[in-house]
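Dear colleague,

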Amino acid sequence: MAKDYRLTFGRKVANRFGALLARRGMGQNWILTTTGATSGERRDVVITPAEIEGRRYLVAPYGVTAWVRNLRSHPRATLSHGGASIRIIATEVGDEEAGRALAKYYADNRRYVAGYMDVPGDKTITDFIAAADRYPVFRADT
């Protein structure tokens with residue numbers, strides 16, 4: 001059974017450090033800027049996109065979180081890393097495409113998300129496709 005995601009003090013510190021690195025163009029983290037689903041205000045969150053065949057995917061390893069709800073309401077967003085900002089349209093994908101992105105994300109970030117992603121089985125692509133309905137994935141189209 002997967003752990004529930006909680007924004008603990010340690011996670012807040014790690015997120016701030018990740019944001020600092022992303023703003024300086026270091027590391028694999030990016031800043032995702034969305035429009036709040038209900039407030040309409042700008043919201044920033046640190047994410048680690050998965051890249052497959054030149055396409056960038058935004059994976060929600062903790063399930064439906066605020067940034068997921070924001071993108072579902074307002075799919076236009078910005079990804080920032082260092083001095084670069086990319087305007088995107090986030091398109092939620094399903095099944096096979098989501099499963100491939102989840103598998104790549106899991107392989108690249110297993111250390112951080114293994115306890116939160118409940119993917120039974122041997123962690124094959126089929127297992128990730130079956131779990132795709134619990135972990136939203138968005139393709140970041142420019």
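Tyr106 is buried because its relative accessibility is 5%, where buried means under 20% relative accessible area, exposed over 50% and partly exposed in between (1.4 Å probe, protein chains only). Phe128 likewise counts as buried, at 2% relative accessibility. This is a predicted model, in which local features need pLDDT of at least 70, side-chain atom pairs count only at pLDDT 80 or more, and totals for chains, interfaces and linings use all residues. Residues are numbered from 1 along each chain as its sequence is written, and side-chain values use heavy atoms, with hydrogens and water left out.

A search of the whole structure finds two aromatic pairs. Rings of Phe, Tyr and Trp (its six-membered ring) pair if their centres lie within 6.5 Å; planes under 30 degrees apart count as stacked, over 60 as edge-to-face and the rest as tilted.

Trp67 and Phe138 form a tilted pair, 6.1 Å centre to centre with 55 degrees between the planes. This pair links distant parts of the chain, 71 residues apart: Trp67 lies in helix H2 (residues 66-73) and Phe138 in strand E7 (residues 137-141). Helices (H or I, at least four residues) and strands (E, at least two) are DSSP runs, numbered from the N terminus. Trp67 is buried at 11% relative accessibility, and Phe138 is buried with a relative accessible area of 1%.

Tyr106 and Phe128 form a tilted pair, with 5.4 Å between centres and 55 degrees between planes. Here the link runs from helix H3 (residues 95-113), which holds Tyr106, to helix H4 (residues 125-131), which holds Phe128, 22 residues apart.

With kind regards
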